[in-house]
Amino acid sequence: MVRKRKRRAASDSAVTTAVVMVLYITDSGPNSVRAVANLQAICKEHLKDNFRLEIIDVLQYPLRALADGIVVTPSLAKLSPLPVATVVGNLSDKNGVLRALGILG
Amino acid sequence: MSIVSGESYLVCSVSNIKQGVGAIPYQKSCLSMCASALIMSIERADDPGEDRTPPPGKRHAVTATKTLKAPRPLPKIATGIEGFDQLSHGGLPRNRISLLMGGPGSGKTVFALQSIVEAARQRGEPGIFVAFEERPDQIVANAAGFNWGLPALIKTKLYFMDANLSPDVVQSGEFDLRGLLAMLKAKKDEIGARWIVFDGIDVLLTLLQNPRSEMREIYRIRDWLTDNDVDAAIITAKIDGRGPESSTYGFLQFMVDCVIGFDSRVDWGVPLHRIRIAKYRGSAFARGEYPVSFGPGGMAIAAPEPSEIQQVASGERVSAGFERLDTMLGGGLFRGSSTLITGVPGTSKTTLSGKFVEAACRRGERTLFVSFDESADRIVRNLTSVGIHLKPYLKSGVLLMYSGRTESVGAEDHLVKLKALIAAHRPRCMVIDPLSAIAKAGSLAAARSVANRFIYAAKDQRITVVVTAINEGDAPEIEATDLQISTIADTWIHLSYLIRGGERNRALTIIKSRGTHHSNQVRELILSDAGPMLADVYTAGGEVLMGTLRWEKEDEERAKRVHRRSEFDQKRVSLELAKADTRARIKLLEGDLERQRVELAAYFSEDHARIVSSSDREKSLRRIRSADRTGLAASGTNASRKKRAASNGSGKVRNGP
């Protein structure tokens with residue numbers, strides 16, 4: 001049931017700018033499932049292991065999401081490196097996500 | 001199964017219609033007949049082969065009336081917004097969704113916010129306000145002008161959720177509201193919220209960029225609200241019904257149980273807010289479009305007066321200002337009545353109302369004098385010149401004067417102000433001079449409605465009201481005022497100028513005065529240092545004489561009177577002289593009479609004395625001569641008397657003096 005997952009970069013010795021992200025989803029909602037899959041693909045392709053991702057199920061931790069200022073799901077918050085950026089939606093627009101994460105110019 | 005569902009559906013829809021047209025008994029009975037007929041036909045169609053109990057018609061009729069007779073009243077929840085709960089016959093539908101729609105700045109947010117504020121203040125029911133459009137701090141700042149004590153409520157009863165998507169947010173693909181609703185549920189359970197407002201849902205729906213998604217999310221909200229047992233849910237959306245609308249909004253209106261439309265337009269330079277209940281499932285409601293005004297207490301809706309007027313008619317009379325006018329009105333104005341004074345400028349409408357105010361203050365009654373476009377101070381000064389002194393009453397607080405500007409102030413705003421003044425001063429008598437000024441800015445229709453509502457409100461509170469109105473032209477018979485208040489005013493005094501003989505004179509006519517005899521005489525109104533007064537009536541050739549003509553007539557009458565008086569005096573004097581003369585003569589004669597009487601008496605007494613003395617002498621003589629006995633003296637005397645009488649020659653016997 002608990003879908004709070006943490007992934008740590010396996011080897012973050014060389015790269016100093018690890019991308020720290022939080023993905024807010026709602027259990028098995030179609031958009032959420034799609035968002036997780038899309039993000040996993042993006043991370044695999046562009047970030048290798050150089051990222052930290054926290055996935056929060058809003059159904060489980062609604063007050064946490066409320067405190068974080070989340071409005072809709074799925075929402076992806078990039079906390080580091082600065083600037084902070086937010087992407088909403090199922091992350092199907094890959095270029096948009098990459099731009100928000102600071103990977104793409 | 002199909003019967004049951006079919007029947008309940010039918011009954012439900014019929015009862016909806018029934019409540020809507022409840023005022024028309026014919027239609028109502030028609031509908032219930034239709035309903036029972038339909039139910040019967042459904043049942044028949046469903047079990048055609050089955051054996052029926054002997055009188056089938058009877059049984060069905062009973063079923064139908066039974067179901068129709070007990071329509072469950074739709075549970076409602078009061079909003080506490082002045083006027084709205086009357087319009088909607090009780091408030092918003094309980095446990096259902098209400099949609100507020102209207103253009104920007106039409107009052108949707110204020111309505112929604114005021115509803116949850118009132119619920120929190122009056123019943124202590126917590127609420128959540130989800131702000132999609134404005135940031136919560138902006139909303140709170142905007143509402144600071146209202147005396148709701150919002151900051152204090154936010155700490156205890158109300159929760160504002162910031163649901164604005166920052167402009168920096170990147171959108172990538174579809175999203176949904178599952179997370180938002182989960183957060184809301186958590187918050188709702190935390191604070192025990194009974195009310196939920198989704199403010200500006202259109203902003204969010206636009207981001208979905210897909211009608212299908214929009215519809216899906218609306219359904220999601222609906223289901224969430226149904227599952228989560230809130231007392232009332234309000235959704236506001238910017239739909240003004242003018243531009244091209246997406247089908248989503250039509251769907252939204254269909255989905256909710258109550259749709260309230262807000263409209264804001266600028267009418268002759270004056271903003272005009274209106275509200276209309278477009279739909280209310282299962283309930284009767286007022287179907288018109290009603291003016292909305294914003295005061296310190298928030299939004300207020302001018303709900304229509306109840307169709308039945310329940311005002312107590314008073315037989316008590318109050319002075320209209322001065323005695324002669326009261327006499328013309330059959331004893332004065334009725335307490336709680338409304339009086340309209342019409343006239344072109346300069347016909348002393350203000351003076352007459354000032355006199356009414358002064359009379360009310362003298363009786364010690366709290367009085368409110370509202371004037372437009374002229375300062376209270378100037379009015380007091382001007383009235384002093386005609387002997388009406390209001391200053392002492394202003395000082396003592398019995399009288400409150402208020403002067404309003406009419407430039408670009410809408411009639412509705414005037415009404416808000418008037419109501420606030422009445423609530424603050426609680427007057428028994430009131431003057432508005434001139435009421436027609438409220439029509440200066442804004443449309444005439446709005447001003448008419450306000451004038452009517454004001455007079456009704458005053459009557460409800462038993463305030464004796466005198467309003468003045470300027471009429472252009474001078475034909476009161478047609479329609480005296482643009483405001484059309486002459487029909488609802490109880491008494492109508494018309495002031496006019498009569499130009500004749502090279503001068504202009506003020507004339508006063510009582511056109512109507514309900515429930516009382518009143519004079520039909522056209523009277524001349526004169527303003528003097530001692531106040532306004534009505535001149536004596538002189539008619540000549542069927543016309544009332546005024547001004548110089550009246551003065552001449554008065555002069556003539558006066559001369560005649562003097563002449564008559566002197567004639568009379570002359571006659572009186574001569575008659576009195578004659579009387580005195582006669583009296584003198586009587587006196588003289590009476591003197592004579594008295595003298596003669598005295599003389600006569602003297603004569604008799606002389607005679608007696610003589611007789612007595614002669615008889616005494618005879619007696620003494622006899623005694624001296626001893627001719628008779630003393631006892632025979634009497635007979636001797638008689639004999640001597642007889643003898644003397646004979647010698648007298650008169651032949652009469654005299655007895656005594």
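Two residues are in contact if their C-beta atoms, placed from the backbone, lie within 7 Å. By that rule, 21 residues of chain B touch 28 residues of chain A.

A note on the model. It is predicted: local features need pLDDT of at least 70, side-chain atom pairs count only at pLDDT 80 or more, and totals for chains, interfaces and linings use all residues. Residues are numbered from 1 along each chain as its sequence is written, with chains lettered from A and ligands numbered from 1 in the order written.

Back to the interface. Which element gives the largest share of chain B's side? H8(B) does, with 8 residues. Helices (H or I, at least four residues) and strands (E, at least two) are DSSP runs, numbered from the N terminus. Strand E6 of chain B, 170-171, also gives two or more residues. E6(B) pairs with strand E5 of chain A, residues 85-88, in the parallel sense over 2 bridges; pairing takes at least two DSSP bridges. Val170(B) is the bridge partner of Val87(A).

Now the sheet in chain B. 9 strands form an open, mixed sheet, in the order E17-E16-E18-E19-E15-E20-E21-E22-E23. E17(B) and E23(B) stand at the edges with a single partner strand each, so one side of each has no neighbour in the sheet. E16(B), residues 367-372, runs parallel to E17(B), joined by 6 bridges. There, Phe372(B) has Gly404(B) as its bridge partner.

Last, helix H9 of chain B, residues 201-208. Its buried residues (20 or more other C-beta atoms within 10 Å of their own) are Ile201(B), Asp202(B), Leu204(B), Leu205(B) and Leu208(B). Seen down the axis, they fall within an arc of 160°, taken from the directions from the helix axis to the C-beta atoms, so they line one face of H9(B). Gln209(B) follows H9(B), with a positive phi near 60°.

How values were computed. A residue is buried if 20 or more other C-beta atoms lie within 10 Å of its own, exposed if 12 or fewer, and partly exposed in between; C-beta atoms are placed from the backbone.
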